[in-house]
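Please look over the sequence and the 3D structure shown here. The briefing that follows goes through them topic by topic.

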Amino acid sequence: MINKKLQDELVELDESPALESRSVMSERAVQGIPLAIEAVIGRARLTVSQISKLHPDDTIHLDRNFGEPVELKVNGMVIGRGEIVYDESSNAVGIKIIETTPIARR
């Protein structure tokens, strides 16, 4: 059982404005953490035997059709969908966001 003095100190700590500012500071610190985003264009199932027989110029057929949205994932969790875009000026491929998943559904 917690003693009365310790309990009073904990209540004071909970009501302290410093705790609120620490929470805001912690939130800001978290906002700077880098995350890797995956763009999943499709999936295929192959046996070990099939994979061991792959050669350059072979084609692996995916479970999606060309032009369908790709899944955007962070830590394996779908956060949205997008479409593949190409920037000719920088010779780069990117993803245009077309939908984000609400946090509650993640």
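**Briefing: the largest pocket and the chain around it**

Strand β3 (residues 77-87) gives the largest share of the lining of the largest pocket, with three residues. The model is predicted. Its protein chain has 106 residues, arranged with three helices and four strands.

**Confidence of the prediction**

- The mean pLDDT of the protein chain is 82.
- A pLDDT of 70 or more is reached by 73% of the residues.
- Among the elements, the lowest mean pLDDT, 54, belongs to helix α1 (residues 4-14).
- The highest mean pLDDT among the elements, 97, belongs to helix α3 (residues 48-52).

**Layout of the chain**

- Read from the N terminus, the order of the elements is α-α-β-α-β-β-β.
- Buried residues make up 9% of the protein chain.
- The chain exposes about 9400 Å², and 56% of this area is supplied by carbon and sulfur atoms.

**The largest pocket**

- The space in the largest pocket comes to about 250 Å³.
- Its lining includes Ile41 and Leu62, as well as the residues Arg64, Asn65, Phe66, Gly67, Glu68, Pro69 and Val70.
- Gly82, Glu83 and Ile84 also line the pocket.
- Sorted by class, the lining has six nonpolar, three polar and three charged residues.

**Valine 40, in strand β1**

- Valine 40 is found in strand β1, which covers residues 37-40.
- Is valine 40 buried or exposed? Valine 40 counts as buried because its relative accessible area is 13%, and the cut-off for buried is under 20%.
- Leaving out residues up to four places away in sequence, valine 40 touches Arg64, Val70, Glu71 and Lys73.
- Two of these residues, Arg64 and Val70, are also named in the lining of the largest pocket.
- Valine 40 and proline 69 are 29 residues apart in sequence, and their C-alpha atoms are 9.2 Å apart in space.

**Proline 69, in a loop**

- Proline 69 is found in the loop between α3 and β2, and proline 69 is also one of the residues that line the largest pocket.
- Its relative accessible area is 26%, so proline 69 is partly exposed.
- Beyond its neighbours within four places in sequence, proline 69 is in contact with Arg64, Arg81, Gly82 and Ile98.
- Arg64 is touched by valine 40 and is in contact with proline 69.
- Which distance separates the C-alpha atoms of proline 69 and glutamate 99? The separation is 9.5 Å, and the two residues are 30 residues apart along the chain.

**Valine 74, in strand β2**

- Valine 74 is found in strand β2, which covers residues 70-74.
- With a relative accessible area of 13%, valine 74 is buried.
- Not counting residues up to four places away in sequence, valine 74 touches Leu35, Ala36, Ile37 and Ile79.
- One of these, Ile37, has a number within the range of strand β1 (residues 37-40).
- Valine 74 and alanine 39 are 35 residues apart in sequence, with a C-alpha to C-alpha distance of 9.3 Å.

**Two asparagines with positive phi**

- Asparagine 75 is not a glycine, and its phi is positive, at about 50°.
- Where is asparagine 75 found? Asparagine 75 is in the loop between β2 and β3.
- Asparagine 75 has 70% relative accessibility and therefore counts as exposed, given that exposed means over 50%.
- Asparagine 91 is also a residue other than glycine with a positive phi, near 55°.
- Asparagine 91 is found in the loop between β3 and β4, and β4 covers residues 92-100.
- At 59% relative accessibility, asparagine 91 counts as exposed.

How values were computed: Residues are numbered from 1 along each chain as its sequence is written. This is a predicted model: local features need pLDDT of at least 70, side-chain atom pairs count only at pLDDT 80 or more; totals for chains, interfaces and linings use all residues. Side-chain values use heavy atoms; hydrogens and water are left out. On a 1 Å grid over the protein atoms alone, a cavity is a set of points where a 1.4 Å probe fits but cannot get out, and a pocket is an open set with protein on both sides within 12 Å along at least five of seven lines; lining residues have an atom within 4 Å of a point. Grid points are joined across faces, edges and corners, and a volume is the space filled by probe spheres set on the points. Ala, Val, Leu, Ile, Met, Phe, Trp, Tyr, Cys and Pro count as nonpolar, Asp, Glu, Lys and Arg as charged, and the others, Gly among them, as polar. pLDDT is the predictor's confidence in each residue, from 0 to 100. Buried means under 20% relative accessible area, exposed over 50%, partly exposed in between (1.4 Å probe, protein chains only). Accessible areas come from the Shrake-Rupley method with a 1.4 Å probe; for residues, only the protein chains shown count as cover. Contact means heavy atoms within 4.5 Å.
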